[in-house]
Amino acid sequence: MARPNKCRCICSMPQVTEFIPKKTSSISEPVVLGVDAFEVIRLLDYKHLTQEQCAVRMNISRTTVTRIYEEGRRKVAQALVEGRRLVIEGGDVMVCAAPRPECAGETHCCHRQGKEN
């Protein structure tokens, strides 16, 4: 019996949830990137955290970070190469309820949105 998915903690929901190529076929299905995959890509590639730091931040294992990252990169590549719409939605995520020490100085933290830093 498979272990149930652990809820992934994220700092905030993405502000932009859809990317549409200039020339796209209206019949092609969009590529759906989960919010958890977006957060892993944001933490690893944009914030330059290690996989271990990302795992701690999201309250998941490092191997789960690796799996989510590989799947997320594959989906982003598919959208870019095939010129398909990329939609960010879904996933078993929980937005943090209060500022955490590891979010200090985090511009994308949900507790800082709408406030001057």
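A residue is called buried here when its relative accessible area is under 20%, exposed when that area is over 50%, and partly exposed in between, using a 1.4 Å probe and protein chains only. Leucine 33, at 3% relative accessibility, therefore counts as buried.

This is a predicted model, in which local features need pLDDT of at least 70 and side-chain atom pairs count only at pLDDT 80 or more, while totals for chains, interfaces and linings use all residues. Residues are numbered from 1 along each chain as its sequence is written, and side-chain values use heavy atoms, with hydrogens and water left out.

Start with confidence. The predictor's confidence in each residue is its pLDDT, on a scale from 0 to 100. The protein averages 83. A score of at least 70 is reached by 72% of the residues. Residues 111-117 are another matter: pLDDT stays under 50 there. The model gives this stretch 15 contacts beyond four places in sequence. Where pLDDT is low, the predicted coordinates should not be read in detail.

Now the overall plan. Helices (H or I, at least four residues) and strands (E, at least two) are DSSP runs, numbered from the N terminus. The protein has 3 helices and 5 strands. From the N terminus, their order is β-β-β-α-α-α-β-β. Of the 117 residues, 35% count as buried. A contact means heavy atoms within 4.5 Å. Among contacts with a separation of 6 or more, 74% join residues 24 or more positions apart.

Leucine 33 gives a local view of such links. Leucine 33 sits in strand S3, residues 31-33. Beyond its neighbours within four places in sequence, leucine 33 contacts Phe38, Gly72, Lys75, Val76, Leu86, Val87, Ile88 and Glu89. Its C-alpha atom is 8.8 Å from that of glutamate 71, which lies 38 residues away along the chain.

Next comes H1, residues 35-46. This helix is mostly covered, with 9 of its 12 residues buried. They are Val35, Asp36, Ala37, Glu39, Val40, Ile41, Arg42, Leu43 and Leu44. The cover includes S1, S3, H2, H3, strand S4 (86-88) and strand S5 (93-95).

How does H1 meet H3? The two pack at an angle of about 95°, with their axes 9 Å apart. Axes are lines fitted to C-alpha atoms, for helices over the stretch in contact, and angles run from 0 to 180 degrees between N-to-C directions. Angles under 35 degrees count as roughly parallel, over 145 as roughly antiparallel, 65 to 115 as roughly perpendicular and the rest as oblique. H1 and H3 are therefore roughly perpendicular to each other. On the H1 side, the contact uses Asp36, Ala37, Val40, Ile41, Leu44 and Asp45. H3 supplies Val65, Ile68, Tyr69, Gly72, Arg73 and Val76. For residue classes, Ala, Val, Leu, Ile, Met, Phe, Trp, Tyr, Cys and Pro count as nonpolar, Asp, Glu, Lys and Arg as charged, and the others, Gly among them, as polar. The contact of H1 with H3 has 8 nonpolar, 1 polar and 3 charged residues.

Most residues other than glycine have a negative phi. Histidine 48 counts as exposed, at 64% relative accessibility.

H2 covers residues 51-58, and its buried residues are Cys54, Ala55, Arg57 and Met58. Seen down the axis of H2, these fall within an arc of 165° (taken from the directions from the helix axis to the C-beta atoms), so they line one face of the helix. They pack against strand S1 (8-10), H1 and helix H3 (62-82). The face turned away from the buried side carries the exposed residues Glu52 and Val56.

H2 also packs on H3. The angle is about 100° and the axes are 8 Å apart. That makes H2 roughly perpendicular to H3. Gln51, Glu52, Cys54 and Ala55 of H2 meet Arg62, Val65, Thr66 and Tyr69 of H3. By class, the residues of this contact divide into 4 nonpolar, 2 polar and 2 charged.

Asparagine 59 is partly exposed, with a relative accessible area of 42%.
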